[in-house]
Amino acid sequence: MSNGNMTLNLKIWRQVNAKTEGKFVDYKVDHVSEDMSFLEMIDVLNEQLVRKGDDAIAFDHDCREGICGMCSMMINGKAHGGFKGTTTCQVHMRLFKDGDTVVVEPWRSRAFPLIKDLTVDRSAFDTIQQAGGYITANTGNAQDANAILIPKPIADEAMDAAACIGCGACVASCPNGSGMLFMSAKVSQLALLPQGKAEAEKRVLEMVQTHDELGFGNCSNHAECEATCPKDISIEHIARTNREYIAAAIKHHEKDRSGGGA
Ligand code: FES
């Protein structure tokens, strides 16, 4: 469609807060440029709403360049629209056609209570991260890069895990509402490196326990999380976390039985 002349029919979830009922509301947006991002298209709609004296649609955003993980929403039933390796802020309107109907909803998961419209409270992720605690690292001057040698494949894997931006697409896409992909990425990014090994057992035990207590479901290998993750985090991290968790739990159980404490 020619630039600036697309018209879209939007069905957007509106809900004042978690205590009120929500519903889809239909909006028509004219003059959508194919160069706009999805968030810019919502900005245009919000300007129209505010000019009419209506309440603007609440949605999360910050960096608008795929870094912060804030722009969480379901587009046509898929987290971030389901475009490979892409956050909502990086979705461009050229991916849609003139006259398309687009359904936009918030993440729906027990562990992410709704705040308003498309925004949800994802602070449960922060709680899991905090449960992981600190790493042992020397302070002072930076060490020589060759002081701790790390094989390239291991460094690559840790860096791939560290790419997780904590957007919550994994939770929103999982039929169990599991946060295992997020948590396992946070476990792997430290456990794979020598600096993270000192507290690895305690970290995995406490992160898994916190994950479960916060109402996230368990992983049953649907792999929807991996398919929709905008940073292409692999479910292999979940398998690694499970192995680490079992080994740490057995070790601590044996220590407890022999009176050694956890
Ligand atoms: S707004 Fe930061 S990742 Fe989309």
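How much area do domain 1 and domain 2 bury between them? The answer is about 1500 Å², with 58% of it on carbon and sulfur atoms; buried area here is the accessible area (1.4 Å probe) that two parts lose on being put together, summed over both. Keep in mind that this is a predicted model, where local features need pLDDT of at least 70 and side-chain atom pairs count only at pLDDT 80 or more, while totals for chains, interfaces and linings use all residues. Residues are numbered from 1 along each chain as its sequence is written, and side-chain values use heavy atoms, without hydrogens and water.

**View 1. Two domains in one chain.** The protein chain splits into domain 1 (6–115) and domain 2 (122–257), with bounds from an automatic or database domain assignment. Taken over C-alpha atoms, their centres sit 30 Å apart. Domain 1 puts 19 residues into the contact and domain 2 puts in 20 (contact means heavy atoms within 4.5 Å).

**View 2. A salt bridge at Lys 84.** Lys 84 pairs up with Asp 232, and their closest N and O atoms are 3.0 Å apart (the rule: a side-chain nitrogen of Lys or Arg within 4 Å of a carboxyl oxygen of Asp or Glu). Across the interface of domain 1 and domain 2, that rule finds 2 salt bridges.

**View 3. The open sheet.** Here 5 strands line up as E2-E1-E5-E3-E4, with mixed pairing (strands are DSSP runs of E, at least two residues, numbered from the N terminus; two pair if DSSP finds at least two bridges between them). Strand E2 (23–32) and strand E4 (78–79) are the edges, each pairing on one side only.

Notes: Helix = DSSP H or I, 4+ residues; strand = E, 2+ residues; numbered from the N terminus.
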